[in-house]
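Dear colleague,

I am handing over the structure below, and my notes on what was found in it follow directly after.

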Amino acid sequence: MIDLYTWQTPNGEKPVLMLEECGLDYRLHMIDISAGEQKTPEFLAINPNGKIPAIVDREGGEDHAVFESGAILIYLAEKTGKLLPAAGTARYETLQLTFFQVGGTGPMLGQWHHFTNAAPEKLPYAIERYKKESLRLLGVLDDRLKDRDFLAGDYSIADVVNFGWARSGLSGLKDEGADTLTHLKAWTERVGSRPAVKAAIEKLDHAKRSKQG
Ligand SMILES: N[C@@H](CCC(=O)N[C@@H](CS)C(=O)NCC(=O)O)C(=O)O
């Protein structure tokens with residue numbers, strides 16, 4: 001059994017999608033980041049970085065904790081042999097598009113969102129900088145998808161990791177130019193129609209509502 005500690009955010013939904021795709025048994029523990037539950041000593045013992053998501057794999061005799069969403073997806077892919085080719089060009093194409101997300105669209109869209117919606121002061125330079133870079137990165141994905149169904153050949157962890165942030169960027173930046181990214185939009189619809197993705201989104205939504213009472 002795998003324990004998953006997460007919340008309903010684009011980073012938090014990635015391992016839920018992956019666990020559903022892989023058909024693994026897991027327990028969902030909702031860590032309310034708006035209430036600071038990611039900074040409790042119990043959670044910091046699992047992820048000293050104090051951010052969701054994290055997993056503890058309790059199978060195989062020894063508990064194994066993994067944090068960082070990209071590392072969690074690679075861990076689960078290697079555990080099951082699913083969604084990450086074992087070797088060769090296809091493996092490195094998948095990994096490069098996975099790292100592209102965790103080091104690119106995630107942080108850039110996260111900062112754009114922060115400076116646009118949360119910062120106490122409106123800083124036009126910061127808003128413009130993160131908007132421009134987010135749109136550029138989403139454009140790279142859009143271009144890649146102009147002649148293929150999935151980001152790295154067959155459906156893979158590259159699609160799982162990019163899905164939530166692409167959807168959030170397309171919606172948040174719709175009036176700022178993201179509405180022209182039609183290949184990316186079609187891909188989010190393709191990925192979003194997968195039964196495992198639908199199940200993951202529903203479970204996370206239900207778990208959040210139950211937690212909030
Ligand atoms: N690079 C990390 C980012 C994780 C992250 O930023 N998590 C956010 C939610 S999306 C979080 O826990 N925020 C609460 C905080 O920073 O205290 C990953 O991909 O797992």
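I begin with Ser-156, which sits in the loop that joins helix H5 (124–144) to helix H6 (157–172); please bear in mind throughout that this is a predicted model. The relative accessibility of Ser-156 is 2%, and because the cut-off for burial is under 20%, this residue counts as buried. Leaving aside residues up to four places away in sequence, Ser-156 touches Leu-83 and Thr-94.

The next point concerns a pair of helices. Helix H3 (residues 69–80) and helix H4 (residues 88–118) have axes that come within 9 Å and cross at roughly 150 degrees; since angles over 145 degrees count as roughly antiparallel, H3 is therefore roughly antiparallel to H4. On the H3 side the contact is made by Ser-69, Gly-70, Ile-74 and Glu-78, while H4 contributes Arg-91, Leu-95, Phe-99 and Val-102. Sorted by class, this contact of H3 with H4 has four nonpolar, two polar and two charged residues.

Finally, there is the largest pocket, whose volume is about 1,000 Å³. Its lining consists of 34 residues, and those that lie nearest the centre of the pocket are Thr-9, Pro-10, Asn-11, Gly-110 and Trp-165. Helix H1 (10–22), H4 and H6 are the elements that give two or more residues to this lining, and H4 gives the most, with 11 residues. By class, the lining of the largest pocket has 10 nonpolar, 18 polar and six charged residues.

With best regards

Technical notes
Residues are numbered from 1 along each chain as its sequence is written. This is a predicted model: local features need pLDDT of at least 70, side-chain atom pairs count only at pLDDT 80 or more; totals for chains, interfaces and linings use all residues. Side-chain values use heavy atoms; hydrogens and water are left out. Axes are lines fitted to C-alpha atoms, for helices over the stretch in contact, and angles run from 0 to 180 degrees between N-to-C directions. Helices (H or I, at least four residues) and strands (E, at least two) are DSSP runs, numbered from the N terminus. Angles under 35 degrees count as roughly parallel, over 145 as roughly antiparallel, 65 to 115 as roughly perpendicular and the rest as oblique. Contact means heavy atoms within 4.5 Å. Ala, Val, Leu, Ile, Met, Phe, Trp, Tyr, Cys and Pro count as nonpolar, Asp, Glu, Lys and Arg as charged, and the others, Gly among them, as polar. Buried means under 20% relative accessible area, exposed over 50%, partly exposed in between (1.4 Å probe, protein chains only). On a 1 Å grid over the protein atoms alone, a cavity is a set of points where a 1.4 Å probe fits but cannot get out, and a pocket is an open set with protein on both sides within 12 Å along at least five of seven lines; lining residues have an atom within 4 Å of a point. Grid points are joined across faces, edges and corners, and a volume is the space filled by probe spheres set on the points.
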